[in-house]
Amino acid sequence: MTAGIGAAIVILALPAATAALLSVLPSYRLSAAINVASAFVTLLAAVSLLAAAPQPNAYILVDDLNVVFIVLNTFVGFTASVFSATYIAHEIESGRLTPTHLRFYHAMYQFLLLSMNLALIANNIGLMWVAIELATLTTVLMVGLYRTQEAIEAAWKYFILGSVGIALALFGTILVYMAARPVVGEGVQGMLWTSLIAHVPAFDPALLNLAFVFLLLGYGTKVGLAPLHAWLPDAHAEGPTPISAVLSGLLLNVALYAVLRFKLLLDANAFALAPGPLMATLGLISVVFAAFMLYRRRDVKRMFAYSSIEHMGVIVFAFGIGGPLANFAALLHMAMHSLTKSAIFYTVGQVAQVKGTQQIADIRGLTVTHPLLGWSLVFGVFAIVGLPPMGVFMSEFLIVSSTYERAPWLALLLGFGLLVALGALVLRLQGMAFGAPIGSRAPAKASALPIVAHFALVLIAGVYLPPPIVTWFQHVAQLLR
Amino acid sequence: MKGLDFDVAHLLAGGLVLISFMLLYQNRLYALLNVFALQAVVLSLSVAWQAYVQDANHLYVTAAIAFAFKAVIIPLALHRIIAELGIQRDVENVVGVGPTMLAGLALVALSEVVMLRIASEADVLAQEDLAFALSVVLLGMLMMVVRRNAVSMVVGFMSLENGLILAAAGAKGMPLVVEISVAFSVLVALVVIGVFLFRISERFETVDAHALDRFRGDQR
């Protein structure tokens, strides 16, 4: 048990200490190396939580649900730091960033990992809120890193929408406390997740309902659900690419985790409204809306940002449908989407760096000029649109088929959205990957290792999921009902 | 709940809603800042009263932060920013004052209906407090929607936040209130610094659709 507590402390304290160190370290090469090393040790500590989870106390909680998020979070955090180490040095050479910017960037990177880990591991819903707020602030600063007009506009938009979102989430959190107070008493017990879930059947259902509406809208803004998604494409397109990968692969999941926690509360109260239909509706709107928006995109990072909205929609939809199979598929889809989408952003980042543009029309014939990048992009797009045999195919197949059992019409709509998105992405891919090459033929500077590693995992998961992982996911899916 | 305790809390919370309405019809930036400072003063009084009534000393810290930060430092900083950046002193409204006020009334009615019906099991003070707090939150959002100017959007966000602090202070015995108000202050400080450093004076809206396309990255 003490080992578990130690690991939990490491995944919080190490990023904090590293952030402090990196903020004073002038050499960006050394900083990048320390960034990678620290992210790696954090990953090891997170993996050790799988073996020995600590007992929940007043501050931290590690259960079967959030440990999945924590391991995924630290893994992508690590590979993104490897990618960033090779990618960001080139941004200095091309003069887009200065060493001072990079010092800030590396410190903020660790701070972001810290706040995301804290949001996932916190047992206190107030602390979770503070952590998500900090993560928002950090990413706002990172999105505006390039200081161009577009980057600042994107950061400002993200800031305003994100702030309103977390403000609504705080109101929801206060309402949850108000609902809990008559039952569990005043003070910190009313905000501890473990005591909330134990006593939730006796809470006032009307207060819980209202709280959930605020929480879903608030954290849903951070997830990027459709009517509230406006910040997401700008933030992804204008920030540094490693941050686009972290935003898509991780931060959206953290906000989703918060929504899931509160969904569990409502599920456990027999008189509260069922949260499923609300989530399924928002998810479905996101899928269909994002699928159509994909067609008109001309900026490659922006296009994949819309694809992230689509996939978050799929995941929220599946959790909303509920039931062991849909929950299992949603968890799997979340993991597969994180891995695939961050690898796509690594690829796209390198492409944009080599070609000096993010415009889709100015990127042609990648498979000829840069075979590795080009074919990675082809693989990534095939994986993300859900073609077999990749992991996303399996999870989407499970989601559609489990929905078909319960609500055939919804399955039809979902399948339609997925097909529309497939069409859009493959259409744009053709031009970028094939055709007569234009633009620079200079070799890519950044490491391809993270891309290959992610795609290998996605492929393996699609072909063969090891039984222990399946049992684990099934167990969590049961937990979620 | 004793009569006087309740009446004073009620008066202060109601005052916050009233000032939110005053914020909606200001058409000069400096006047807007002054009204906002007034709201922050009333908020800190309200939180201090809650601290006294609930006998919760940590709430005095929140009240002090609200007063020092939002009634003094932020309005002064924004005054200087407006002067230094030469921002247009008139507030540009997307929607006219009349419809805005009507929408505000509708939002207050909505929050009263929702909260008074829902929180019937909670004690009366908390119930009324939450209804007022939700009104302030919604009016703050309304202000962010109807204003074009970046400074008045920031003011709208801060008044929204005042509503949240009111709700948190009214929730008896709620932990982390001080931490949350500090976290919010950091957020607001960064917004204000952002406005200053990057000279954001408009909401990036322009009648020139070409410029908009460029921002969206969709131009070819």
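This is a predicted model: local features need pLDDT of at least 70, side-chain atom pairs count only at pLDDT 80 or more; totals for chains, interfaces and linings use all residues.

Residues are numbered from 1 along each chain as its sequence is written, chains are lettered from A and ligands numbered from 1 in the order in which they are written, and side-chain values use heavy atoms, with hydrogens and water left out.

**Exercise 1.** Describe the make-up of chain B.

*Solution.* Start with the elements: chain B has 8 helices and 0 strands. Here helices (H or I, at least four residues) and strands (E, at least two) are DSSP runs, numbered from the N terminus. Next, take burial: of the 220 residues in chain B, 55% are buried, meaning under 20% relative accessible area with a 1.4 Å probe, protein chains only.

**Exercise 2.** Work out how H1(B) and H6(B) are oriented to each other.

*Solution.* First find helix H1 (residues 3–25) and helix H6 (residues 150–170) of chain B, whose axes come within 11 Å and cross at roughly 170 degrees. Axes are lines fitted to C-alpha atoms, for helices over the stretch in contact, and angles run from 0 to 180 degrees between N-to-C directions. Angles over 145 degrees count as roughly antiparallel, therefore H1(B) and H6(B) are roughly antiparallel. Finally, locate the contact (heavy atoms within 4.5 Å): H1(B) supplies B:Ala13, B:Leu16, B:Ser20 and B:Leu23, while H6(B) supplies B:Val155, B:Ser159 and B:Leu166.

**Exercise 3.** Is A:Asn35 buried or exposed?

*Solution.* Go to helix H2 of chain A, where A:Asn35 lies. The relative accessible area of A:Asn35 is 0%, so A:Asn35 is buried. Now look around: leaving out residues up to four places away in sequence, A:Asn35 touches A:Leu22, A:Ser81, A:His106, A:Tyr109 and A:Gln110.

**Exercise 4.** Which helix gives the largest share of the lining of the second largest pocket?

*Solution.* A pocket is an open set of points on a 1 Å grid over the protein atoms alone, where a 1.4 Å probe fits, with protein on both sides within 12 Å along at least five of seven lines; lining residues have an atom within 4 Å of a point. The second largest pocket has a volume of about 590 Å³, volume being the space filled by probe spheres set on the points. Among its 21 lining residues, the closest to the centre include A:Val71 and A:Phe473. The largest share, 5 residues, comes from H3(A).

Terms used:
Buried means under 20% relative accessible area, exposed over 50%, partly exposed in between (1.4 Å probe, protein chains only). Angles under 35 degrees count as roughly parallel, over 145 as roughly antiparallel, 65 to 115 as roughly perpendicular and the rest as oblique.
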